[in-house]
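Here is a briefing on how two parts of one chain meet. Look over the sequence and the fold first.

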Amino acid sequence: MEEAVSQELKKEHQEKINRVAAEVGKIVVGQSYMVNRLMVGLFTNGHILLEGVPGIAKTLTVNTLADVLHLDFQRIQFTPDLLPADLIGTMIYNQKKAEFEVKKGPIFSNVILADEVNRAPAKVQSALLEAMQEKTVTIGETSYKLDRPFLVLATQNPVDQEGTYSLPEAQIDRFMLKVKVDYPSKQEELEVMRRMSNMNFQPSLETLLTKEDIFSIREEVNQVSISESLEKYIIELIFATRNPKEYGLNDEAYYMQFGASPRASINLNLAAKAIAFFNQRDYVLPEDIKEIATDVLNHRIILNYEAEADGISTEQIIEKLLKKIPINH
C-alpha cells in the first residue's frame, strides 16, 4: 500500500515539475531550457553558472522560479568593492546590551543569485565558495548552517570583461552546470516587448511545490536507476576529455589543455537521473546523458590558445566526444 502511495506521489511530483515551466512562462517568455536546468540543480543539490549577455531575463527567471517553488530569494550584485561581510554577515556592537550581535547577510536564503560573480575580488568569491561547498558560514567564532534547500545561481557576462576577475578553474568546477543563455527568437522578443511595455502586466503565480516536496523529489531522483554500462559510458566520456589521443580524438587533443575532473562524472550521473525523472522514467537512457553532457562539461574542459585562434568552442569538442565514444552494452 505504501509503495502505491509513493508511486502516486511521485507521479504528482513529475506532473507538477512539468507545470513549473508553464507557470514561470506566465511572466518569462521562452526560457524553458534555463528553467529546466535550474530545476536539475535544485533537485540534485547542485549549483549553476549562467552565462549570457545582460537583459535576457536571467534574474527575472530565477526570481519567478523561486516564487513558483515558494523559496526565499536574494539577489546579490557582485561589484569590485564588495566585502565578504556584505555576503555572509558580520558582528555588530549593540550599545544597549553592551555586546556584539550577529547580523546575518543575504547568503541566508534558499536561492541566491550571485549577479556578475566575476566582478568581485577573490576574498568574496572564496566566501561564496565556502558557503556553496560546506553549506555553512562562519561569522566571528560561530558557524551557522545555511537554510535548506540552498542553491547558488551565479551569472557572468561574457561580453564586457573590463574590470572582472576571472574565476579560477577549481572554483568553476564546483558549479554542477554551466548554462549558456542566448537571445530570444524574434517571436519571443515580440511577446516580451508586448508584455513588458504594458505597465499593468501583473500575472498571478501559483505556488506548485513546497520545501518538503523538493526534499521528496530529491529522494525520488536519487532512486532513479542507471545501468552499469551507462555508468562506464560516463567514465569513458570523462576519460576521453583527459586523454583524447587514446580515444582517436587527435584533432581535438591539439586544442585541449585540461580535461574534466571527477566532479564531472558525479554530476553527469546525477543530472542524467534528474532528466530521466523529469521525463517520467525511473531509469536513465543514453539520451539523458547526451542531453545534459554539454552543460556538465563545457566549463570543465579547458581549451588552449590554438582553439581560441581557430574559433573552436568547447561545445564543438563535446559534440565530437559524444559522437566518438561508444556505449558498450
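This is a predicted model: local features need pLDDT of at least 70, side-chain atom pairs count only at pLDDT 80 or more; totals for chains, interfaces and linings use all residues.

Residues are numbered from 1 along each chain as its sequence is written, and side-chain values use heavy atoms, with hydrogens and water left out.

**Layout**
- The chain splits into domain 1 (1-222) and domain 2 (224-322), with bounds from an automatic or database domain assignment.
- Their centres, taken over C-alpha atoms, lie 24 Å apart.

**Interface**
- Contact (heavy atoms within 4.5 Å) links 29 residues of domain 1 with 23 residues of domain 2.
- The two domains bury about 2300 Å² between them, 53% of it on carbon and sulfur atoms. Buried area is the accessible area (1.4 Å probe) that two parts lose on being put together, summed over both.

**Salt bridges**
- Domain 1 and domain 2 share 5 salt bridges; each needs a side-chain nitrogen of Lys or Arg within 4 Å of a carboxyl oxygen of Asp or Glu.
- Asp173 and Arg263 form a salt bridge through their side chains, at 2.9 Å from N to O.

**The domain 1 side**
- Helix H1 (2-24), helix H2 (32-44), helix H6 (169-172), strand E9 (177-180) and helix H8 (211-222) each supply at least two residues of the side that touches domain 2. Helices (H or I, at least four residues) and strands (E, at least two) are DSSP runs, numbered from the N terminus.
- H2 gives the most to this side, with 7 residues.
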